[in-house]
Amino acid sequence: MNNTDFLKVLQLEDNNPGVSTGSRWIHTSGSIDSFSPVDGKLIGSAGVGTAGEYQQLVKASADAFKYWRSVPAPKRGEIVRQLGDAFRASKQTLGALISYEMGKSLAEGLGEVQEVIDICDFASGLSRQIYGATMHSERPYHRMYEQYHPLGIVGIITAFNFPAAVWSWNAMLALVCGDVVIWKPSHKVLLTAIACQKIVGDVFSRNEIPEGVCSLICGEHEIGELMSRDKRIPLISATGSTTMGRKVAMAVGERLGKSLLELGGNNAIIITGKADLNIAMNAAVFGAIGTAGQRCTSTRRLIVHSSVMDEVRSRLIHAYKQVRIGDPLEEGIHMGPLIDVEAVGNYLQAIKIIKAQGGRFIIEGGILEGEGFESGCYVKPCVAEVSGNLPIAQEETFAPILYVMQYEALEEAIEIQNSVGQGLSSAIMSLDLRETELFLSQAGSDCGIANVNIGTSGAEIGGAFGGEKDSGGGRESGSDSWKVYMRRQTNTINYGTSLPLAQGIEFNL
């Protein structure tokens with residue numbers, strides 16, 4: 001499918017407006033071009049929102065919130081259910097656009113759209129389960145309970161690596177909770193965002209949903225800064241680098257707003273001497289090269305017991321020879337390009353630093369050139385054998401670079417894993433109950449996600465997604481993550497004939 005097919009099927013044009021209040025689009029004067037890292041070709045352009053147009057969106061959203069919060073939650077859930085059906089109908093084309101614009105394999109692009117569909121299903125069911133709690137009062141003839149109310153406007157800032165899924169995790173939950181949303185996507189994948197907004201706009205238009213319930217504004221970091229400082233937006237959900245997250249947290253915290261941060265990860269798999277190496281190798285290779293190492297849950301470190309180190313090294317060399325790199329829209333391709341030439345530069349710089357710090361490459365990296373690689377964004381996945389405390393291995397490099405390090409005692413492996421700044425995803429490969437339980441205990445992994453005999457990459461909708469430390473502390477998607485999009489209120493009702501006061505105080509009035 002070429003770029004004209006994407007534009008036609010998803011109702012995109014060569015020049016797309018980048019600001020929308022739902023089904024209404026606002027044409028802007030400036031624009032950003034979207035080039036595919038697959039072949040370097042121009043896909044299309046997207047309008048860039050201005051500060052004035054941002055103010056229009058906020059006003060429309062504030063007005064729409066007064067309506068949307070009064071719609072019964074199950075009715076809101078019905079709209080989200082229809083959104084899920086609309087994304088089902090567009091899955092093939094939208095998945096291909098994600099693959100072409102971002103560079104991930106077609107299977108991963110389709111899988112991302114499936115995540116959008118799954119969260120719509122989850123949120124639709126949740127709309128009938130926004131429960132509070134009832135507590136016993138210490139005062140006679142009193143009743144206490146808690147209930148949840150929508151916050152208002154939720155600002156969503158997303159990264160390039162999951163241009164549709166992460167928006168949906170936030171937006172669908174926020175919508176069923178009674179919030180309205182404003183989405184600022186990464187400037188590197190704006191056409192995917194516009195395609196998603198057009199799908200939403202069609203559903204909203206059919207259901208006569210007013211403008212402002214689900215809005216989009218394209219642009220660069222200036223728009224995100226406006227959102228972060230805006231007191232009218234009680235919650236900012238931001239996905240991206242730790243550096244970006246700190247800026248958002250400071251701006252939102254200064255105005256005492258709420259922030260949901262899902263940031264980077266320097267994720268590790270511990271392979272013990274009692275691991276099933278067939279499972280371990282599949283998890284490690286997919287985790288390291290999936291999305292060309294550009295997932296926040298990508299496997300960046302393998303911490304391997306000395307008794308199996310030689311076999312793991314040999315298996316990695318064999319496995320990496322089987323990795324097919326190329327056009328991600330082609331069947332059977334495992335790894336596509338990095339997002340752009342800037343990312344390639346960061347990858348090459350990391351390789352230089354690894355060598356300078358004494359790391360030894362057992363699988364060499366480098367840029368791929370020649371037919372099919374003309375965009376300059378294709379690189380070789382590489383593996384470096386390093387010590388556990390190598391400085392570069394303490395950092396998150398958003399590229400297909402895997403660090404392999406050795407340990408003797410499991411406690412040492414856990415300490416190595418936890419020594420980095422991030423705490424997003426982690427895994428242990430072992431068939432020994434004592435080893436796995438130690439890994440999952442309070443003395444084990446300090447990450448928000450800790451898996452056993454499954455890799456670091458790939459989360460299910462039903463569980464809360466997010467991490468600790470420099471990974472931000474936020475939780476998105478499943479479980480009770482919906483609570484962050486609402487404000488909790490405690491209610492006490494006196495149905496007696498007197499008013500008992502606190503601490504036994506009495507007034508003779």
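## Where α4 meets α5

In this predicted model, Lys91, Gln92, Leu94, Gly95, Ala96, Ile98 and Ser99 of α4 meet Leu106, Gly109, Leu110, Glu112, Val113, Gln114 and Ile117 of α5. Contact here means heavy atoms within 4.5 Å. The helix names come from DSSP runs (H or I, at least four residues), numbered from the N terminus. By class, this contact of α4 with α5 has seven nonpolar, five polar and two charged residues. Ala, Val, Leu, Ile, Met, Phe, Trp, Tyr, Cys and Pro count as nonpolar, Asp, Glu, Lys and Arg as charged, and the others, Gly among them, as polar.

Two packed helices are described by the angle between their axes and the distance between the axes. Helix α4 (residues 91-102) packs against α5 at about 125 degrees, and their axes are 7 Å apart. Because of that angle, α4 is oblique to α5. Angles under 35 degrees count as roughly parallel, over 145 as roughly antiparallel, 65 to 115 as roughly perpendicular and the rest as oblique. Axes are lines fitted to C-alpha atoms, for helices over the stretch in contact, with angles from 0 to 180 degrees between N-to-C directions. The crossing of α4 and α5 is right-handed; a crossing has this hand if the near helix is turned clockwise from the far one by less than a right angle, and is left-handed if anticlockwise.

## α3 against α5

Helix α3 (residues 73-89) also packs with α5, at an angle of about 160 degrees and with the axes 8 Å apart. That angle makes α3 roughly antiparallel to α5. Their crossing is left-handed.

On the α3 side, the contact involves Gly77, Val80, Arg81, Leu83, Gly84, Phe87 and Arg88, which meet Val113, Val116, Ile117, Cys120, Asp121, Ala123 and Ser124 in α5. These residues divide into eight nonpolar, three polar and three charged.

## α13 beside α14

Leu410, Glu411, Ile414 and Gln417 in α13 meet Glu435, Leu438 and Phe439 in α14. By class, that contact has four nonpolar, one polar and two charged residues.

## The second largest pocket

The second largest pocket holds about 410 Å³ of space. Of its 20 lining residues, the closest to the centre are Asn282, Val285, Phe286, Ile289 and His334. A pocket is an open set of points on a 1 Å grid over the protein atoms alone, where a 1.4 Å probe fits, with protein on both sides within 12 Å along at least five of seven lines; lining residues have an atom within 4 Å of a point. Grid points are joined across faces, edges and corners, and the volume is the space filled by probe spheres set on them.

Helices α5 (106-126), α10 (277-289) and α11 (309-321) each supply at least two lining residues. The largest share, five residues, comes from α10. The lining has 10 nonpolar, six polar and four charged residues.

## Arginine 313

Arginine 313 lies in helix α11. Leaving out residues up to four places away in sequence, arginine 313 touches Arg360, Ile362 and Glu385.

## Reading the values

Residues are numbered from 1 along each chain as its sequence is written, and side-chain values use heavy atoms, without hydrogens and water. Local features need pLDDT of at least 70 and side-chain atom pairs count only at pLDDT 80 or more, while totals for chains, interfaces and linings use all residues.
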